[in-house]
Amino acid sequence: MKYTVEKIDGRIPVIAGTGSNNTRTPADFSKKVSEIKGLDGPLVVTPYYNKATLRKV
């Protein structure tokens with residue numbers, strides 16, 4: 001992402017895709033890429049598949 005932001009040099013918006021099939025990975029990655037100067041923002045999506053834990057009531 002840093003390389004891309006440097007090469008684009010503000011000519012067009014740069015949005016980092018940070019989605020994943022869990023919640024921790026995109027949260028951590030979004031925090032990391034948000035520190036890149038010149039990045040316009042992260043593109044975060046809802047995890048496409050999370051199997052719920054079966055709980056007996």
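Trainee: What do the buried residues of α2 pack against?

Mentor: They pack against β1 and against β2, which covers 41-43. Keep in mind that this is a predicted model.

Trainee: Which residues are buried in α2?

Mentor: Pro26, Ser30 and Val33. Viewed down the axis of α2, the buried residues fall within an arc of 75 degrees, so they line one face of the helix.

Trainee: And what sits on the face turned away from the buried side of α2?

Mentor: Exposed residues: Arg24, Lys31 and Lys32.

Trainee: Back to Ser30. Why does Ser30 count as buried?

Mentor: Its relative accessibility is 12%, and buried means under 20%, so Ser30 qualifies. Ser30 belongs to α2, which runs over residues 24-33.

Trainee: What is Ser30 in contact with, leaving aside neighbours within four places in sequence?

Mentor: Thr18, Pro42 and Val44.

Trainee: Now β1. Where does that strand lie, and is Ile15 in it buried or exposed?

Mentor: Strand β1 is residues 15-17, and Ile15 lies in it. Ile15 counts as exposed because its relative accessibility is 55%.

Trainee: Which residues make a nonpolar surface patch with Ile15?

Mentor: Leu43 and Val45. The three together make a patch of about 290 Å².

Trainee: Change of topic. How many helices and strands does the protein have, and how do the elements run?

Mentor: There are 2 helices and 2 strands. From the N terminus on, the order is α-β-α-β.

Trainee: How does the radius of gyration of the protein sit against that of a compact globule?

Mentor: The protein has 15 Å, whereas a compact globule of 57 residues would be near 10 Å. The C-alpha trace spans about 55 × 15 × 15 Å along its principal axes.

Trainee: What share of the residues is buried?

Mentor: Buried residues make up 21% of the 57.

Conventions: Residues are numbered from 1 along each chain as its sequence is written. This is a predicted model: local features need pLDDT of at least 70, side-chain atom pairs count only at pLDDT 80 or more; totals for chains, interfaces and linings use all residues. Side-chain values use heavy atoms; hydrogens and water are left out. Patches are made of residues with over 30% relative accessible area and no salt bridge: like charges are joined within 9 Å, nonpolar side chains (Val, Leu, Ile, Met, Phe, Trp, Tyr) within 5 Å. Accessible areas come from the Shrake-Rupley method with a 1.4 Å probe; for residues, only the protein chains shown count as cover. A salt bridge is a side-chain nitrogen of Lys or Arg within 4 Å of a carboxyl oxygen of Asp or Glu. Helices (H or I, at least four residues) and strands (E, at least two) are DSSP runs, numbered from the N terminus. Buried means under 20% relative accessible area, exposed over 50%, partly exposed in between (1.4 Å probe, protein chains only). Contact means heavy atoms within 4.5 Å. The arc is that of the directions from the helix axis to the C-beta atoms. The radius of gyration is taken over C-alpha atoms; the globule rule is 2.2 Å times the number of residues to the power 0.38.
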